[in-house]
Amino acid sequence: MRAPCPPRTTGQTVKDLRDGVTPNAGVSLADDRSSGRATEAASDGMEQGRGNSATSGSNPGVSAPARAAASESADNSSRTEPVGRRRRRRRKSAQKSAQSTPHQGKREGTAEATAGSGAQSPPPTPGTSAAGGRVSEKKKGRRRRRKSGRAIQGRPLATQKATDRAERHDAQSGSMQLPGQAGDAQAHGQPSDSEASAPRRQADDLYAALDLGTNNCRLLIAQPTRPGQFRVVDAFSRIVRLGEGLDATGALSNDAMERAVEALKVCASKLKNRPVRRHRLIATEACRSARNGQEFLDRVLRETGLELEIVTRETEARLAVAGCSSLVGRDTDGLVLFDIGGGSSEIAMIDLTENRSNRLANHIKAWTSLPVGVVTLSERHGGCLVTPAVFEAMVAEVDGMLDAFTPPTLPAFSGLDVSRMHLLGTSGTVTTLAGLHLDLPRYDRRRVDGLWMSNAEVDLMLDKLLSWDFAARAANPCIGADRADLVLAGCAILQSIRKRWPSERMRVADRGLREGLLNEMMAADGAWRGRGRNNRYRHPRSNQGTTS
């Protein structure tokens with residue numbers, strides 16, 4: 001265990017030869033009382049005006065006993081610190097002071113001359129340098145980190161605001177460097193001005209996941225921490241409504257593609273400013289079902305540089321399960337996980353009764369993907385004016401789709417112990433119901449993610465939403481005007497799922513495909529290996545938030 005650093009003190013003054021104080025040449029540095037012969041020999045040497053030290057053995061005018069005593073005094077002083085090291089410290093300090101304040105050169109020159117005459121300065125106290133200045137706490141901290149052998153991945157990352165601030169400062173000061181100048185600096189092994197002014201980047205252990213859905217464009221950049229967890233570094237989410245009019249025309253509209261490209265340009269900028277080690281960018285139902293979906297992705301590649309892949313419905317269901325694995329407790333035998341999207345809804349039946357493993361996706365026993373989401377269903381039935389009759393028509397349409405799904409008989413869903421089976425929803429619909437249930441003045445993910453809701457509480461929130469008109473839904477801070485016409489369509493899909501798989505409770509997850517992508521990439525790379533007892537994220541700093 002290292003000794004604790006001395007407390008920081010400001011304005012501390014340490015007497016040194018440069019302060020004009022002439023030390024007693026016969027007094028030991030260790031405050032030992034010297035013998036009379038040593039004092040007499042030292043005084044004799046000073047009176048003769050010789051330029052050498054009284055301890056020098058080359059003075060012919062000093063007797064042998066005096067030289068021996070002076071040598072003994074010098075040996076006592078040298079035990080504290082070697083003379084050569086002390087002289088080097090004084091020389092470096094003198095050079096630094098001469099560069100900062102030219103008028104101090106005389107004092108430093110006097111100190112050099114006094115040191116050459118054999119005068120011994122007192123040893124530096126802990127936390128101070130021999131030049132009388134305090135050792136920089138910053139330098140000491142860097143020295144400790146290098147000695148400990150820790151990597152730099154635990155340091156806070158430079159925020160996007162800091163990066164933008166540095167770029168604005170460079171632009172205002174006119175410090176933009178020509179290509180020839182940068183090449184000359186690099187040829188001489190020196191960093192260019194742009195590299196020196198840029199914020200120090202994190203090690204390349206960042207992962208990024210992008211999900212371009214029918215309604216939203218979402219990006220998440222994170223760093224692995226403890227096993228199975230990660231810390232969010234940057235995030236982006238915007239409603240683009242890429243699937244607007246897709247159900248009627250079968251193609252993506254120009255306005256929808258333009259909104260999506262603008263959002264993807266923001267994502268590309270964020271990815272460029274981060275040292276991302278690995279990323280995966282996916283597109284779901286809108287690009288999957290549109291006849292011009294691949295043409296749109298080619299345009300995205302040309303204009304943003306992002307290459308998106310269209311995933312299958314099965315992959316989408318598996319990623320949704322992987323993103324919510326940490327919300328499944330040990331007391332659960334079975335659950336129905338559903339993700340209500342903009343153009344499709346994925347449902348997975350998970351049985352944990354035997355051979356339970358840490359990867360929840362390995363326990364998917366049956367799954368289905370309904371070709372309906374909040375955008376398509378609201379366009380078919382109207383999302384602004386939703387009466388109880390319109391709502392029942394929506395539920396009936398989803399019921400017909402679920403009737404075609406015939407899963408196998410599973411032990412967890414046999415009905416023997418209903419309390420060990422529950423629903424797990426990951427979509428904007430269930431998070432909206434949770435926000436209404438908590439009566440939040442503004443949406444708070446920390447309070448919503450992982451919330452349990454009973455059957456009675458879900459029914460109460462559904463009735464409240466049905467009693468509101470479009471203006472009341474848009475005025476609610478957990479819904480907003482962008483989703484006021486979609487929320488009841490999502491509630492109709494949820495109601496149909498609850499009818500098919502009755503459960504006493506439902507858990508809310510504010511996570512989904514992005515988290516599933518990150519979990520799979522980190523697990524495949526072994527990013528959580530070796531993060532055990534010495535993992536610094538076990539006690540994170542106060543300015544770092546951790547998201548699991």
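User: How do strand β6 (residues 334-340) and strand β7 (residues 345-351) pair, and over how many bridges?

Analyst: Two strands count as paired if DSSP finds at least two bridges between them. Here β6 and β7 run antiparallel over seven bridges, with glycine 334 opposite aspartate 351 in β7. Strands (E, at least two residues) and helices (H or I, at least four) are DSSP runs, numbered from the N terminus. This is a predicted model: local features need pLDDT of at least 70, side-chain atom pairs count only at pLDDT 80 or more, and totals for chains, interfaces and linings use all residues. Residues are numbered from 1 along each chain as its sequence is written, and side-chain values use heavy atoms, with hydrogens and water left out.

User: In what order do the six strands form the sheet?

Analyst: The order is β8-β7-β6-β9-β11-β10, an open sheet with mixed pairing. Its edge strands, β8 (364-370) and β10 (452-454), each pair on one side only.

User: Where is threonine 431, and is it buried or exposed?

Analyst: Buried means under 20% relative accessible area, exposed over 50%, partly exposed in between (1.4 Å probe, protein chains only). Threonine 431 sits in helix α16 (residues 428-438) and counts as buried because its relative accessibility is 8%.

User: What does threonine 431 touch?

Analyst: Contact means heavy atoms within 4.5 Å. Leaving out residues up to four places away in sequence, threonine 431 touches Tyr443, Val448, Val508, Ala509 and Asp510. As for backbone oxygens, that of serine 427 lies 3.2 Å from a polar atom of the threonine 431 side chain, and that of glycine 428 lies 3.0 Å from a polar atom of that side chain.

Definitions and conventions. Polar contact = N/O pair within 3.5 Å; in protein donor to acceptor, adjacent residues only side chain to side chain.
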